[in-house]
Amino acid sequence: MAQARVKARSARGESVFGERFAVFAECLLTGVWTAVACLGVVTCPAALAAGARHLRRRTSHGGGGLREFAADFRSAVRGGWAVGLAGWAAAAAVAVDVLASRAGLPGGPFVGAVGVFALIGLVVTLLRAAAVWTPGARWRSLLADAGRRTVRDPAGSFLIVCGPAVVAVSAWFLPPLAVPALGAAVAAAVAVEVRRPHP
């Protein structure tokens, strides 16, 4: 496999540095496209799925561009909007838990901590599901399988958590950086799913 990639690179006249820089640039561009597609709020899962599929195509030298991204987004949003709505409802519930923990209610800190960890788990599950999405796939099945992988592959889940962490730190440091950094979160999920041993 590695020898085949080296031969393919040499046939195209690409250096290792050139190929890796191209992947990095593609991640940044994917972050911009994904951020724009997320402006519909409930369209976040579909945007992540389209971004992940675009990166999978590019890293396998399958081509593709904005037109293919848009087509994937339209396909993913058909069932993905309901997932996005449920995700925002879960985030709102966690926000209430955190407010309750700050208000000094009995058991508030514990409930707030559980809520935050549950939200992190849901984000990882969503990113894992988006990373393997294909047109025609049912979101319910994707999320169920991704939830199992989230629990069974803690190392991969930790790596995926680092993606949104990069986005958050970028947004804190310089808000516009969060837009291209979103591509790093998508790329992390794709990389984890690619490295995952298949049964």
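This is a predicted model: local features need pLDDT of at least 70, side-chain atom pairs count only at pLDDT 80 or more; totals for chains, interfaces and linings use all residues.
Two packed helices are described by the angle between their axes and the distance between the axes.

| Helix pair | Axes come within | Crossing angle |
|---|---|---|
| H7 and H8 | 8 Å | roughly 175° |
| H5 and H8 | 9 Å | roughly 70° |
| H5 and H7 | 10 Å | roughly 95° |

Start with H7 and H8. Helix H7 covers residues 154–173, and helix H8 covers residues 178–195. Their axes cross at roughly 175°. Angles over 145 degrees count as roughly antiparallel, so H7 and H8 are roughly antiparallel to each other. On the H7 side, the contact includes Gly156, Leu159, Ile160 and Gly163. On the H8 side, Ala178, Ala181, Leu182 and Ala185 are among the residues that take part. By class, this contact has 13 nonpolar, 3 polar and 1 charged residues.

Now take H5 and H8. Their axes cross at roughly 70°. That angle makes H5 roughly perpendicular to H8. H5 makes the contact with Leu127, Arg128 and Ala131. H8 meets them with Ala185, Ala189, Val190, Val192 and Glu193. These residues divide into 6 nonpolar, no polar and 2 charged.

H5 also packs against H7. Here the axes cross at roughly 95°, which makes H5 roughly perpendicular to H7. The contact is made by Ile120, Val123, Val124, Leu127 and Arg128 of H5. From H7 come Gly156, Ser157, Ile160, Val161 and Pro164. By class, the contact of H5 with H7 has 7 nonpolar, 2 polar and 1 charged residues.

## The largest pocket

The largest pocket has a volume of about 880 Å³. It is lined by 28 residues. Gly87, Leu119, Leu122, Val123 and Leu126 are the closest to its centre. Helices H3 (44–59), H4 (66–102), H5 (108–131), H7 and H8 each give two or more residues to the lining. H5 gives the most, with 9 residues. What kind of residues form the lining of the largest pocket? They divide into 25 nonpolar, 3 polar and no charged.

## One aromatic pair

The count comes to 1 aromatic pair. Trp33 and Phe69 form it. Their rings are 5.4 Å apart, centre to centre, with 50° between the planes, and the pair is tilted. Trp33 lies in helix H2 (residues 16–37), while Phe69 lies in helix H4. The two residues are 36 residues apart, and the pair links distant parts of the chain.

Notes: Residues are numbered from 1 along each chain as its sequence is written. Side-chain values use heavy atoms; hydrogens and water are left out. Axes are lines fitted to C-alpha atoms, for helices over the stretch in contact, and angles run from 0 to 180 degrees between N-to-C directions. Helices (H or I, at least four residues) and strands (E, at least two) are DSSP runs, numbered from the N terminus. Angles under 35 degrees count as roughly parallel, over 145 as roughly antiparallel, 65 to 115 as roughly perpendicular and the rest as oblique. Contact means heavy atoms within 4.5 Å. Ala, Val, Leu, Ile, Met, Phe, Trp, Tyr, Cys and Pro count as nonpolar, Asp, Glu, Lys and Arg as charged, and the others, Gly among them, as polar. On a 1 Å grid over the protein atoms alone, a cavity is a set of points where a 1.4 Å probe fits but cannot get out, and a pocket is an open set with protein on both sides within 12 Å along at least five of seven lines; lining residues have an atom within 4 Å of a point. Grid points are joined across faces, edges and corners, and a volume is the space filled by probe spheres set on the points. Rings of Phe, Tyr and Trp (its six-membered ring) pair if their centres lie within 6.5 Å; planes under 30 degrees apart count as stacked, over 60 as edge-to-face and the rest as tilted.
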